[in-house]
Amino acid sequence: MVMAKLKHPSSFSPLVALLVVLLFIAPTSSTSRKTLKHQPCPNGLRVMLRHVDSGKNLTKLERVQHGIKRGKSRLQRLNAMVLAASTPDTDQLEAPVHAGNGEYLMELAIGTPPMSYPAVLDTGSDLVWTQCKPCTQCYKQPTPIFDPKKSSSFSKVPCGSSLCSALPSSTCSDGCEYVYSYGDYSTTQGVLATETFTFGRSKNKVSVQNIGFGCGEDNEGDGFEQASGLVGLGRGPLSLVSQLKEPRFSYCLTPIDDTKKSVLLLGSLGDVKGGKEVVTTPLLKNPLQPSFYYLSLEGISVGDTQVPIEKSTFEVGDDGSGGVIIDSGTTITYLEQKAFEGLKKEFISQTKLSLDKTSSTGLDVCFSLPSGSTRVEIPKLVFHFKGGDLELPAENYMIGDSNLGVACLAMGASSGMSIFGNVQQQNILVSHDLEKETISFVPTSCDQL
C-alpha cells in the first residue's frame, strides 16, 4: 500500500495537489527512473512521436476517455481479425482484416524532394501507406496529398516481387495493386510502390531508399483524419522494421498529458543496457496473427496478493484466440473478462476509498476522493512475465480528475484477447529484439531520451 502525507502548493487547490501527488507516488518497492545512454550508430534512426490529442485543452482523464472511445473501435477490429483468421472460409470480408489507426503520430517525409507528413504509428499491422493522387476517394488529411508524379524516386512494384507476394490480398493490373481492410470496414486501396523515406530533422535527417509502401488512391472510413497515412511496425515482411532489416527497435512514451514528445528508436539506437531494473520476457508467436507482439504474461498481483487467474487465460489458443499483445495503439490495458473481474475485486478490497458510482468516466473502477484528505492509499500493481516482474508506477494505472473528484483504474475487460495498453507503458523504454525474440521493459524518463 502507498501512504503519503500531501503538501498543498499555493498554485493548486487541495484536491489537485492530492491528485498530483497521488499519481506520482510510487508504490512500496517502487520502480526508479533514469536516463539511458544509447550507443551511437550511423545506421540508427530516431523519430519523434506525438500523441494524437497533443495540443488540445484536455485533462488527463479526458485524454484517456478519448482514447477509450478510439480503443473500442480498435478492439472491434482486433476481434474481427481473430474471427477472420479462425474462419478462413467466410465470405463476409472482402480482404484480410488489420488493426488500423492508433494513438501516436510519427513525423516523416516521402519522395524526392521530400514531402513531410504525419503518420499513425501502429505496432499491430505491417503495411506502410499514405494517400496518393489521383484520389478517387480520399479523406481530409492535415497535409497535402502525395503526388507520385512530382517525385523522382517513385517506382511501382512489379507483380512478381517479394513485396507484392507479401501482401495478404493483391491483384495484378497496372503494377501490384492492394486492398487493406480494417475491422470497422475502413479500407485503403491502391498500388504498391517504393519510395525514399526521410526520418528525423535538420542535421539528424536520414534518408532510406526503396521502402515499399501503399500508394492509396481509394481510402474510406473513420479514424485516420489526424494523419496522412499509417506506418506499420508489426512482425510481417511489409512493416517498416522488417524492410529496414533492423532487428531491434524501441519506443518510449511520455505521459499522455505531457507536452514533451515521445520517441521511436530504430536499430542500434534501440539497444538497452541495464541492470536489475530491466525486465526481459520472450515474445510469443501466433501463427494465425503473425504481425502481433504476444507477451509471456503469467499472472498479476495487487499489493502482495496474486490474483487467482487460470493459467490458460493468457495463453494463445489453437484457434488463434486469447493471448496478450502489447499495443502502442490502445490506450488502456484490457484483460480477458474473468481475469479483469478478479483483479477488480482484489483492487477494490485493498483500496480504502469509497467506490464512485455516479461519475460518467468510461472506466469500470473509480473511487471518490474525499475533499481535504491529506493521505491516500493505493495498492501496488505487478505484472508477472516469464523472466521477470514489472511493477508499474502509480501514474501508470491510476487516473485522477480534480473536477470530478475521482481516481480511476485505467484498465478494462475484453472478450478473448488481452492488450497491454500505452498508459501502462508510460515512462518505460519498451525494447523489441526480433533476433532474440524478446521484449524488455526499462523504467525511463522518456522526455530525457
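In this predicted model, the largest nonpolar core holds 82 residues, of which Met106, Phe213, Leu240, Leu264 and Phe441 touch the most other members. Leaving aside residues up to four places away in sequence, Phe213 touches Ile110, Val128, Thr130, Cys132, Phe146, Phe154, Val191, Leu192, Ala193, Thr194, Glu195 and Phe197. Another core lies apart from the largest one and has 18 residues, including Leu105, Tyr178, Tyr180 and Phe224. Phe213 also belongs to an aromatic cluster, together with Phe146, Phe154 and Phe197.

Aromatic pairs in the model number 12. Two of them share Phe420 and are listed here.

| Pair | Centre to centre | Angle between planes | Geometry |
|---|---|---|---|
| Phe385 and Phe420 | 6.2 Å | 90° | edge-to-face |
| Phe420 and Phe441 | 6.1 Å | 70° | edge-to-face |

The pair of Phe385 and Phe420 ties together parts of the chain that are 35 residues apart in sequence, because Phe385 belongs to strand β23 (residues 381-385) and Phe420 to strand β28 (residues 418-420).

For the pair of Phe420 and Phe441, the planes stand at 70°, so the arrangement is edge-to-face. This pair likewise links distant parts of the chain, with Phe420 in strand β28 and Phe441 in strand β30 (residues 438-443), 21 residues apart. Both Phe420 and Phe441 are buried, and Phe441 is among the residues that touch the most other members of the largest nonpolar core.

Note on methods: Residues numbered from 1 in each chain as written. Predicted model: local features only at pLDDT ≥ 70, side-chain atom pairs only at ≥ 80, totals over all residues. Heavy atoms only, no water. Core = buried A, V, L, I, M, F, W, Y, C linked by side-chain atoms within 4.5 Å. Buried < 20%, exposed > 50% of the residue type's maximum accessible area, 1.4 Å probe, protein only. Contact = heavy atoms within 4.5 Å. Phe/Tyr/Trp six-rings, centres within 6.5 Å; stacked < 30°, edge-to-face > 60°. Helix = DSSP H or I, 4+ residues; strand = E, 2+ residues; numbered from the N terminus.
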